[in-house]
Amino acid sequence: MDSHHSDMAMVAMSAELSSIIARFAPADGDHATVMPLLTLHRYSQIGDLSCGMSRPSLIIAAQGAKRIIAAGEDYDYDVRHCLISSIDLPVMSRITDASVTQPYLCMAMSLDLKQVAALMADMGRPRSESSPIGRTIAVGKLSRRLLDSALRLARLLDHPDEIHVLAPLLEREILFLLLCGEHGRRLGQMAAGESGGSKVARAIDWLKNHYDKPLSIDALSQQLNMSVSSLHHHFKDVTSMSPLQYQKQLRLHEARRMLLGSDGDVGTVASRVGYDSPSQFSREYSRLFGAPPLRDISRIRATTSAR
């Protein structure tokens, strides 16, 4: 198939995927589906979204565009590009192309790293690799094969009686295409046995469960059977942050979520996420989000209510 016909085919597939998402995500927001690994997202206005965590996932925009901001770096994707994340990262996001008549519509498929590891074994891929892997969140060109597989997965929403048989096959097909693609090495490293990437993933799991506690790098490195210097090296290679900076971002993102939910005043929230000094908390919050806590929360609420 020549490039012109291939482009037309992809336009048609994106249009069909948009139609499916629009039906199963009829209002703005994030929508779970009957397939646990698949979520649908719809937003009708350009603007910032609340901060959150980027989970291991494949994200395909069927309409519109979005920007993810992680560790100070921007990742823009649209109908021609997909976003692949293979680790949990604190992120901020912004819808960059959307309207009421042409909303941003996307599907996100969670990536199960245990399934990735099992598939790598079936493919004869090595279970560990020590070389650096670089960032584990990336934007890549959306291939026709990957879009076709994603569309066939989304079509199952109209055939719920077929999901239990066909969904696992299509999910495995999508993982295979990702492992064979330009970002497959990153994904494989995060799933592989005792690789540096998989140890970083374990470190992140620990930090997520203990973000409000004092961090001992020595204790964490011993738990992972790594030297302190090796932990710092691999962690920064994967996340662009040190473990301490990652913990700080977790604390501040969680504090923002609590404040938006009216879950305590600033001093109480600062203490709950692990800060001894409210003034230090406010300084670091302002540095990350661009305004002191109360002003930032007021701005978000005003923007949300205006929509």
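Here is a short tour, stop by stop.

Before you click, note that this is a predicted model, where local features need pLDDT of at least 70, side-chain atom pairs count only at pLDDT 80 or more, and totals for chains, interfaces and linings use all residues. Residues are numbered from 1 along each chain as its sequence is written, and side-chain values use heavy atoms, with hydrogens and water left out.

**Stop 1: two crossing helices.** Select helix H2 (residues 113-123) and helix H4 (residues 163-180); their axes come within 10 Å and cross at roughly 70 degrees. That makes H2 roughly perpendicular to H4 (the label covers 65 to 115 degrees). Axes here are lines fitted to C-alpha atoms over the stretch in contact, and angles run from 0 to 180 degrees between N-to-C directions. Helices are DSSP runs of H or I with at least four residues, strands are E runs of at least two, and both are numbered from the N terminus.

Now show the side chains. From H2, Gln115, Val116, Leu119, Met120, Asp122 and Met123 meet Arg172, Leu175, Phe176, Leu179 and Cys180 of H4, contact meaning heavy atoms within 4.5 Å. Sorted by class, that contact has 8 nonpolar, 1 polar and 2 charged residues.

**Stop 2: the cores.** Next, pick Leu89, Tyr104, Leu231, Phe235, Tyr246 and Phe281, the residues with the most contacts inside the largest nonpolar core, which has 50 residues. A nonpolar core is a set of buried Ala, Val, Leu, Ile, Met, Phe, Trp, Tyr and Cys residues joined through side-chain atoms within 4.5 Å. Buried means under 20% relative accessible area, exposed over 50%, and partly exposed in between (1.4 Å probe, protein chains only). Helix H9 (residues 243-260) gives this core its largest share, 6 residues.

Zoom in on Phe281: leaving out residues up to four places away in sequence, Phe281 touches Leu252, Ala255, Val266, Ala270, Val273, Tyr275 and Pro293. Another core lies apart, with 42 residues, including Met10 and Val116.

**Stop 3: Asp97.** Asp97 sits in strand S8 (residues 89-97) and is partly exposed at 43% relative accessible area. Neighbours within four places aside, Asp97 is in contact with Ile46, Gly64, Ala65 and Tyr104.

**Stop 4: two positive phi values.** Most residues other than glycine have a negative phi. Ala71, in the loop between strand S5 (65-70) and strand S6 (73-77), has a phi near 50 degrees. Ser240, in the loop between helix H8 (228-239) and H9, has a phi near 70 degrees. Which is Ser240, buried or exposed? Ser240 counts as buried, at 17% relative accessibility.

Definitions and conventions: Parallel < 35°, antiparallel > 145°, perpendicular 65-115°, else oblique. Nonpolar A, V, L, I, M, F, W, Y, C, P; charged D, E, K, R; others polar.
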